[in-house]
Amino acid sequence: MAIKPPDLEWLDGDVPRAAGFNDTYFSKAGGLEETRHVFLAGNGLPERFEGRTHFTIAEFGFGTGLNFLTTLAAVGGLARPPALTFLSFELYPMSAPQLERALSAFPELSKYAQTLVSAWAPAPGWNRLAFPGADLVVGIGDARELIADLGRQGAGESALTPVDAWYLDGFSPARNPELWDPDLLKKAADLTAGDGTLATYSAAGWVRRNLQAAGFTIEKTAGFAGKREMVIGRKTAPA
Ligand SMILES: C[S@@+](CC[C@H](N)C(=O)[O-])C[C@H]1O[C@@H](n2cnc3c(N)ncnc32)[C@H](O)[C@@H]1O
């Protein structure tokens with residue numbers, strides 16, 4: 001698989017939009033606060049880090065790394081942080097200069113962003129980067145294919161699961177249905193810890209139905225900055 005960085009347009013100078021999906025990577029109304037609201041608070045974080053020695057977060061769509069870096073900063077602010085594994089998937093990895101430009105919108109994260117940008121050299125398959133406080137594991141390729149490597153008995157990636165919290169952050173479901181696919185979400189549910197959770201900005205009806213069919217119990221809650229709804233969920237208990 002040859003890696004091709006995405007074709008980007010830059011809205012208002014600093015919000016990247018993928019031409020191929022006609023969608024932005026983060027909100028114009030404050031990407032960092034949106035990540036904290038939707039993905040961290042939506043998964044009960046950072047509170048759920050308390051008392052844990054290890055915590056695994058998995059994400060569909062690494063994009064700019066904003067969600068990862070925001071999570072890293074949250075862990076860095078704790079007195080007794082868990083060892084964090086952050087597992088993500090990306091089919092169209094940005095180049096290091098694209099990442100750098102996108103992340104320059106968040107001076108609060110600059111310390112962490114510099115480390116990511118200088119280490120960023122994505123290759124097809126599994127890429128591991130060690131950060132103080134976190135292991136970043138990014139699968140470069142189609143999430144629908146790579147997810148089969150996880151949890152496989154004897155596979156090198158099996159120690160990464162179960163997943164404690166999912167960040168479901170594909171582009172809008174209408175434009176990127178691949179990341180909201182029933183089979184992918186079922187595999188995600190199967191890799192989730194018994195008390196594991198999910199959060200997503202999307203409240204589309206068919207996404208909610210796919211999540212329920214996959215094995216998550218979901219609810220709608222208030223979205224970020226004027227968005228009426230988002231969705232949170234937890235793994236459905238066995239009957
Ligand atoms: C909304 S962006 C993610 C933003 C990201 N979480 C961040 O913090 O910047 C969605 C991402 O999903 C990626 N993507 C789309 N389809 C994919 C697929 N089938 N497998 C893996 N990644 C995919 C896109 O290239 C894009 O980077």
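This is a predicted model: local features need pLDDT of at least 70, side-chain atom pairs count only at pLDDT 80 or more; totals for chains, interfaces and linings use all residues.

## Strands β2 and β3

Asn22 lies in the loop between β2 and β3 (23-24), and its phi is positive although Asn22 is not a glycine.

## Strands β1 and β2

The strands β1 and β2 are also antiparallel, and they pair over 4 bridges; among the pairings, Glu9 has Arg17 of β2 as its bridge partner. Their hairpin has 3 residues between the strands, and here Asp12 takes a positive phi near 50°.

Because Asp12 has 7 C-beta neighbours inside 10 Å, it counts as exposed.

## Strands β4 and β5

Between β4 and β5, which run parallel, there are 7 bridges, and one of the pairings is that of Thr56 with Thr85 in β5. β5 is mostly covered, since 7 of its 8 residues are buried.

## Two cis peptide bonds

The peptide bond from Leu45 to Pro46 is cis, and its omega is near 10°. Pro46 has its place in the loop between α1 (31-40) and β4 (54-60).

Another cis peptide bond joins Thr161 and Pro162, where omega is about 10°; Pro162 lies in the loop between α5 and β8 (163-168).

## The surroundings of the ligand

The ligand is surrounded by 23 residues, of which the closest are Gly61, Gly63, Thr64, Leu66 and Leu91. The elements that give two or more residues to this shell are α2 (66-76), β5 (83-90) and α5 (143-146). When the residues of the shell are sorted by class, 10 are nonpolar, 7 are polar and 6 are charged.

## The nonpolar core

The largest nonpolar core holds 62 residues, and Leu69 and Trp166 are the ones that touch the most other members. If residues up to four places away in sequence are not counted, Leu69 touches Leu109, Tyr112, Ala113 and Leu116. In soluble globular proteins, nonpolar side chains tend to be buried together.

## The chain as a whole

The protein chain contains 7 helices and 11 strands. Its radius of gyration is 16 Å, close to the 18 Å that the globule rule gives for 239 residues, so the chain is as compact as a globular protein of that length. Along its principal axes, the C-alpha trace spans about 50 × 40 × 35 Å.

Buried residues make up 42% of the 239 residues in the chain. Among the contacts between residues at least 6 apart in sequence, 69% join residues that are at least 24 apart.

Notes. Residues are numbered from 1 along each chain as its sequence is written. The radius of gyration is taken over C-alpha atoms; the globule rule is 2.2 Å times the number of residues to the power 0.38. A residue is buried if 20 or more other C-beta atoms lie within 10 Å of its own, exposed if 12 or fewer, and partly exposed in between; C-beta atoms are placed from the backbone. Two residues are in contact if their C-beta atoms, placed from the backbone, lie within 7 Å. A residue is near a molecule or strand if its C-beta atom, placed from the backbone, lies within 6 Å of it. Ala, Val, Leu, Ile, Met, Phe, Trp, Tyr, Cys and Pro count as nonpolar, Asp, Glu, Lys and Arg as charged, and the others, Gly among them, as polar. A nonpolar core is a set of buried Ala, Val, Leu, Ile, Met, Phe, Trp, Tyr and Cys residues joined through C-beta atoms within 7 Å. Two strands pair if DSSP finds at least two bridges between them.
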